[in-house]
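I opened my notebook for a walk through this model. My entries are below, in the order I looked things up.

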Amino acid sequence: MTDILPFDRVASAFAARPTKTTVKIHAVAKSDLKKWVKDAPAAVRNWVKSSAGSSSVGRATMLPKRDGTVWGGLFVRPSDADPFVYARLFGSVPKGRYELDGLPDERHAEAAALGWALAAYRFDRYKASPAKATRKLVWPELARKDSVRRIAEATYLVRDLVNTPAEDMGPAEMEACANALAGLHGAKVTTIRGDALLKKGWPAVHAVGRASVKEPRVIDLTWGDASHPKVTLVGKGVTFDSGGLDIKPAGGMLIMKKDMGGGAHVLALAHAIMDAKLPVRLRMIVPAVENSISGNAFRPLDVLQTRKGLTVEVGNTDAEGRLVLCDALHEASMDAPKLLLDFATLTGAARVALGTEMPALFTNDDQLAVALQKLGRREHDPVWQMPLHAPYQRYLESKVADVSNTSSTRFGGAITAALFLSRFVSNDVTWGHLDLMAWNNDTRPGRPRGGEAMALRACFALVEKLFTEDEDEGTGEDAES
């Protein structure tokens with residue numbers, strides 16, 4: 001099922017070289033605009049002066065010759081290398097082939113190319129006549145093509161996986177994606193399915209997924225030289241979340257095909273790491289389940305076993321993501337990775353705190369938080385640290401089990417969820433937990449409504465920095481969404 005990988009669509013947004021009909025777009029900083037206009041041909045100069053808003057950053061204006069034919073275009077570029085400002089260019093020009101002139105450095109060239117690629121994304125798998133690429137950008141001369149391509153591919157992969165309806169994106173399809181990536185990069189995938197999860201010691205994953213006709217599974221990918229530092233990625237792969245017996249209302253269930261967004265992120269990040277051949281021993285674990293309702297569904301106040309041996313009382317079956325993650329995080333910790341990152345569409349509380357566009361970061365290492373937030377700002381891919389406030393552990397106490405999967409208070413839900421997960425992570429492992437939306441609620445340039453990669457570029461930059469640069473430059477609501 002290699003067609004599950006959307007990488008050819010990234011390539012279709014670009015051209016290798018200009019042709020005779022290629023239109024040159026002049027990228028000009030706002031501070032240089034007056035001089036540029038002054039030096040331009042008279043017809044161009046007059047057109048710019050008469051075009052309202054043509055001096056706004058991110059504005060593209062098509063410019064005519066005296067005879068009315070196209071002379072070229074003007075794009076007022078941002079002062080920093082923000083791909084989402086450059087993304088505005090794609091929707092501002094008619095069909096054709098374009099070349100950007102005036103990009104000052106590599107950062108701007110790569111931001112321009114990435115912004116173009118992100119804006120070119122379409123999800124039309126279910127359309128009778130899928131749209132063909134009608135606009136192409138000649139690769140900017142200063143851009144590192146491979147760097148742009150792999151990040152664009154990873155983003156397309158997240159978006160496609162999240163956008164695909166749950167009927168066509170269940171645990172088996174997530175496994176197929178992992179296998180396709182393994183075939184592409186020479187990785188190994190081991191999968192445990194169905195009742196074998198009980199025999200192999202994954203009881204919480206099995207409990208959450210057993211009610212579905214789609215077998216639950218744990219997908220475990222490994223890649224790289226065993227002597228290299230271990231980096232482990234864990235992603236919540238709940239391919240549809242009904243809420244279980246604590247069923248969600250219709251409005252809350254509507255976009256729950258996105259509840260495997262954490263799994264989509266680690267598949268995409270694994271692709272980027274392997275494609276870049278970073279010197280790490282990579283492991284990726286995705287517990288992939290569907291949280292359904294049937295006669296054998298797990299129930300409120302059931303007590304579940306876990307891989308670690310701790311028992312968990314089920315306060316709410318709609319807090320299932322932390323249940324599948326707890327088995328996976330314990331397994332990941334036992335492998336003693338140098339860095340452990342998990343991604344999950346975990347709590348509505350994180351969205352209330354930070355909105356839908358800012359992933360919440362919880363970590364046991366403040367240096368990791370500083371580094372990741374700094375890289376998030378650089379990559380225009382922000383995250384925000386929230387506290388693992390230990391005193392709130394008391395809200396997870398259970399009278400009949402070692403811990404409850406829900407808090408006894410409705411306040412601080414993202415924190416208590418992260419604290420629950422922390423009980424399954426070894427104290428000596430550097431761990432970051434990202435609670436994210438994985439979805440755009442509206443459409444903006446480069447960010448269409450639907451599935452979205454969040455913190456992906458920042459986390460790739462973190463792994464790249466930590467393991468390819470000198471050590472002294474490195475870091476040292478209650479129900480689920």
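**A covered helix.** I began with helix α15, residues 413-422, and found it mostly covered, with ten of its ten residues buried. I wrote down some of the buried names, including Gly413, Ile415, Leu419, Phe420 and Leu421. Thr416 and Ser422 are on that buried list too. A reminder to myself before moving on: this is a predicted model.

**Cysteines.** How many disulfides does the structure hold? I looked, and the number is zero. Cys177 is in no disulfide, and the nearest cysteine sulfur, which belongs to Cys459, is 18 Å away. A pair would have to lie within 2.5 Å to count as a disulfide.

**The largest pocket.** I then turned to the largest pocket, which has a volume of about 650 Å³. Its lining has 26 residues, and the closest to the pocket centre are Arg9, Arg122, Phe123, Asp124 and Asp160. Which elements give two or more residues to this lining? I noted α1 (7-11) and α6 (145-163). Of the elements, α6 gives the most, with three residues.

**A nonpolar patch.** On the surface I found a nonpolar patch formed by Leu245, Ile247 and Ile293. Together these residues have about 250 Å² of accessible area. I looked up where Leu245 lies: its place is the loop between β10 (237-241) and α10 (250-253). Leu245 has 37% relative accessibility, so I put it down as partly exposed. The cut-offs behind that are under 20% for buried and over 50% for exposed.

**Positive phi values.** Last, I looked at two residues other than glycine with a positive phi. For Lys277 I noted a phi near 55°. Lys277 is found in the loop between α11 (261-275) and β11 (281-291). With 65% relative accessibility, Lys277 counts as exposed.

For Ala336 I noted a phi near 50°, again positive in a residue other than glycine. Where is Ala336? I traced Ala336 to the loop between α12 (321-334) and β14 (339-344). Ala336 counts as exposed because its relative accessibility is 53%, and the cut-off for exposed is over 50%.

Technical notes: Residues numbered from 1 in each chain as written. Predicted model: local features only at pLDDT ≥ 70, side-chain atom pairs only at ≥ 80, totals over all residues. Heavy atoms only, no water. Patch = residues over 30% accessible without salt bridge, like charges linked within 9 Å, V, L, I, M, F, W, Y side chains within 5 Å. Areas by Shrake-Rupley, 256 points an atom, 1.4 Å probe, with all protein chains shown as cover. Salt bridge = Lys/Arg side-chain N within 4 Å of Asp/Glu carboxyl O. Helix = DSSP H or I, 4+ residues; strand = E, 2+ residues; numbered from the N terminus. Buried < 20%, exposed > 50% of the residue type's maximum accessible area, 1.4 Å probe, protein only. 1 Å grid on protein atoms, 1.4 Å probe; cavity = no way out; pocket = protein on both sides within 12 Å on 5 of 7 lines; lining within 4 Å. Points joined across faces, edges and corners; volume = space filled by probe spheres on them.
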